[in-house]
Amino acid sequence: MLISGASVAGPALAHWLVRYGFRVTVVEMAPALRGGGFAVDFRGAAHLQVLERMGVLADIRSHGTGGGAPLSFIDGQGRQLASLPAEFTGGEVEILRSQLSRILYEHGLTPPGAAPGGAPEYLFGDSVSGLTQTADGVHVTFERGAPRTFDLVIGADGQHSTVRRLAFGPEEEFVSHLGYYVSAWDLPADAGDLGARQVGYGEPGRLATVGRVPRRDREAGYTGESFCVFAAEELSYDRRDLRSQKAAVAAAFEGAGWRTPEVIGSLRGARDLYFDSISRVDVPTWSTGRIALLGDAAHGATVGGMGTGSAVVGAYVLAGELALAGGDHATAFARYEQQLRPYVTRCQEGGRGAGEFLAPPTQEAMDARNALLNDPSALAAMLGEGDDLSAAIELADYPSLVEAAAAAPAGPTGGRGIRTAGGAG
């Protein structure tokens with residue numbers, strides 16, 4: 001089986017599949033596991049239950065950030081107007097995405113119960129370039145490597161999924177722009193005291209935040225980071241052209257008050273930039289033949305949609321259903337989608353209003369947002385709603401079910417109660 005993508009969903013799926021006896025190959029366009037990056041979080045019983053069953057929760061906690069950092073919304077004179085508590089930004093467990101990827105990758109090499117020598121094969125520095133389905137498998141061509149044939153292909157390659165484009169259709173058919181863009185970068189060494197406070201200055205339709213977060217205080221050369229959100233119609237830009245992305249951010253904040261010119265000026269010296277639209281992914285059916293989608297490729301929401309937790313839960317369900325289906329991928333894919341879609345659709349709704357919450361379009365809307373944040377009862381209700389969303393799925397105990405099925409007596413045709421099918425090649 002081939003998995004495209006080695007960020008979060010891909011390694012999580014590989015972990016479970018190897019544990020259930022599948023042969024797995026993971027292809028990742030980056031030359032190695034990605035470093036740096038910003039924090040992601042998990043919240044609620046479903047997220048933590050899956051991490052516990054994977055055997056990674058303790059490791060994640062030990063490498064956690066200690067929680068999110070509160071953010072003060074300020075006016076042009078630097079006076080606090082409202083505060084976003086740390087619980088909103090950090091969940092119950094917060095960890096750098098790069099650390100999470102590393103932990104999932106390392107644990108997935110030797111997951112509990114896996115057969116000796118069953119570690120997944122990782123192909124870094126390559127990407128899928130073509131997919132051709134046959135009756136017996138999927139013929140895959142790569143940007144660099146030789147063509148190979150696999151029983152199944154899973155696209156776990158994010159919002160801008162190559163597998164989805166090749167197998168399901170162009171991105172514009174599935175990705176809806178929600179009217180905002182988000183950008184983030186580390187402040188350069190000469191930023192002075194710009195990151196001394198964790199603050200966000202907003203004007204209608206745009207928000208610029210800067211600050212130092214405790215989780216990175218020990219990093220050499222760390223002076224702080226910036227996270228910016230702005231409203232805009234869909235932009236045309238090259239996702240691999242750093243210069244054009246920086247120009248788009250600078251244009252969006254032209255004329256803004258407070259110390260925003262300094263914030264945007266720091267972007268010139270930034271070595272890396274995260275820049276993307278706040279968008280939502282909706283794919284009517286997550287599978288076609290022997291190809292299926294997982295995580296953001298199937299149901300992404302850029303900000304506020306609990307995408308990381310949903311990806312880990314989705315990997316758990318997909319692997320479990322593949323194992324229980326005895327090699328019947330059509331049945332497994334259908335059951336996976338039937339169980340997961342209502343859950344992730346509800347989680348996605350949290351991302352629909354993320355842009356307007358962070359950068360309200362009018363002064364009146366900004367005032368209303370600040371009043372909400374200054375109301376303790378409203379804050380408690382918002383936090384409770386998020387916890388309810390993240391827990392709104394009843395998860396089967398797939399490890400026990402798979403173990404029981406494997407131990408079942410032989411059927412009338414001589415087969416066992418479960419049969420896994422590994423990818424060729």
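In the predicted model, Arg-79 and Asp-75 are joined through their side chains by a salt bridge, with an N to O distance of 2.8 Å. Asp-75 has a relative accessibility of 14% and therefore counts as buried, the limit being under 20%. In total, 10 salt bridges are counted. Side chains of opposite charge can pair when their charged atoms come close.

A further pair is formed by Glu-106 and Arg-102, whose closest N and O atoms lie 2.9 Å apart. These two residues are 4 positions apart in helix α5 (residues 97–109), and so about one helical turn separates them. An α-helix has 3.6 residues a turn, so residues three or four places apart point the same way. Glu-106 is partly exposed at 39% relative accessible area, and Arg-102 is also partly exposed, at 23%.

Glu-203 and Arg-206 likewise form a salt bridge, with 2.8 Å between the closest N and O atoms. Glu-203 is buried at 16% relative accessibility, as is Arg-206 at 17%.

On the surface, a patch of negative charge is made up of Glu-172, Glu-173, Glu-233 and Glu-234. Glu-173 lies in the loop between α6 (162–167) and β12 (175–186) and is exposed, with a relative accessibility of 53%.

Because 16 of its 18 residues are buried, α10 is largely enclosed by the rest of the structure. Just after α10, Gly-326 adopts a positive phi of about 60°.

Key. Residues numbered from 1 in each chain as written. Predicted model: local features only at pLDDT ≥ 70, side-chain atom pairs only at ≥ 80, totals over all residues. Heavy atoms only, no water. Patch = residues over 30% accessible without salt bridge, like charges linked within 9 Å, V, L, I, M, F, W, Y side chains within 5 Å. Areas by Shrake-Rupley, 256 points an atom, 1.4 Å probe, with all protein chains shown as cover. Salt bridge = Lys/Arg side-chain N within 4 Å of Asp/Glu carboxyl O. Lys, Arg positive; Asp, Glu negative; His and termini not counted. Charge placed at Lys NZ, Arg CZ, Asp CG, Glu CD. Buried < 20%, exposed > 50% of the residue type's maximum accessible area, 1.4 Å probe, protein only.
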